[in-house]
Amino acid sequence: MTADEQVDKAAPRGPRGSYAKGQARRQAIVDEALAVFSRTGFHSGSLREIAKRVGLTPAGLMHHFADKEELFAEVLRQRDEKVRAAAGDPAEHTLLQQAERVVAYNKTTRGLTSLYAIVSAEATDSEHPSHEQFADRYRSTAQRAGDLLRAGQEAGEVRDDVDPALAARLISAVMDGIQLQWLLDESVDMVPLFEEFVRGYLVPRD
């Protein structure tokens, strides 16, 4: 065995070329799907357009995703991961700060924010593939936020005269409403608007 062969044998091998290429193509599909879905929503989003944008036929795209629903679910999953990575998960007594970071992050990612606004509205249709997912998302988010708000009240960080269950729903409602106004008019500054809500409604008065 030559020295070159010994080095080659000892060197760690990366992913097979075909696998790495397939993963890169899969991610490219997700990226283009985000662009299409954030502009037109799920129902009007065209698999043919997405496939064309990555140089595939619709049949070729189906080698990477079984159907439109699976592709859409992956777009939403990656959207959630990006928001979580940027803002962190809300821990006890940090819910309000985390929510403010989410608003600030969403301002830097118009495509993702637009996608969420469009799809959450579309998902009010009981026949939408994400209807149950979005209904459960709001329920579970409100439940977690309510628990954290109660902990914040015990620590004196949240006003004791607000109902945690109602306030938890209002946080999502205010965030979504501000985002919609910003998507319609970028002169609307989401960050100070949300901070004003937190200061005026949730933080104890001196």
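Author: Helix 6 passes helix 10 in a right-handed crossing. This is a predicted model. The axes of helix 6 and helix 10, the latter spanning residues 190-202, come within 9 Å. They cross at roughly 160 degrees. That angle is over 145, so helix 6 runs roughly antiparallel to helix 10.

Now the residues in that contact. Helix 6 contributes L96, A99, E100, V103, A104 and N106. Helix 10 answers with M190, V191, F194, E195, V198 and L202. By class, the contact of helix 6 with helix 10 has nine nonpolar residues, one polar and two charged.

Helix 10 has another partner to look at. Helix 9 and helix 10 pack at an angle of about 155 degrees. Their axes are 10 Å apart. Helix 9 is therefore roughly antiparallel to helix 10. The crossing of helix 9 and helix 10 is right-handed. From helix 9, the contact takes A167, L170, I171, V174, M175, I178, Q179 and W182. From helix 10, it takes M190, L193, F194, F197, Y201 and L202. The contact of helix 9 with helix 10 divides into 13 nonpolar residues, one polar and no charged.

Next, the open space. The largest pocket holds about 770 Å³. Its lining has 28 residues. R79, Q98, R137, T141 and R144 lie nearest the centre of this pocket. Helix 8 supplies the largest share of the pocket lining, with nine residues. By class, the pocket lining has twelve nonpolar, eight polar and eight charged residues.

Helix 5 and helix 7, residues 110-122, pack at an angle of about 125 degrees. Their axes are 11 Å apart. Helix 5 and helix 7 are therefore oblique to each other. The crossing of helix 5 and helix 7 is left-handed. On the helix 5 side, the contact has F72, V75, L76, R79 and K82. On the helix 7 side, it has L112, L115, Y116 and V119. The contact of helix 5 with helix 7 divides into seven nonpolar residues, no polar and two charged.

The structure holds one cavity of 30 Å³ or more. The largest cavity has a volume of about 50 Å³. V30, D31, L34, V75, Q78, R79, K82 and L112 form its lining. Helix 2 (17-44) and helix 5 are the elements that give two or more residues to this cavity lining. Helix 5 gives the most, with four residues. The cavity lining divides into four nonpolar, one polar and three charged residues.

Several cavity residues have already come up. V75, R79 and K82 line the cavity, and V75, R79 and K82 also belong to the helix 5 side of the contact with helix 7. R79 is one of the residues nearest the centre of the largest pocket.

Definitions and conventions: Residues numbered from 1 in each chain as written. Predicted model: local features only at pLDDT ≥ 70, side-chain atom pairs only at ≥ 80, totals over all residues. Heavy atoms only, no water. 1 Å grid on protein atoms, 1.4 Å probe; cavity = no way out; pocket = protein on both sides within 12 Å on 5 of 7 lines; lining within 4 Å. Points joined across faces, edges and corners; volume = space filled by probe spheres on them. Nonpolar A, V, L, I, M, F, W, Y, C, P; charged D, E, K, R; others polar. Axes fitted to C-alpha atoms, helices over the stretch in contact; angles between N-to-C directions. Parallel < 35°, antiparallel > 145°, perpendicular 65-115°, else oblique. Left-handed = near helix turned anticlockwise from the far one by under 90°. Contact = heavy atoms within 4.5 Å.
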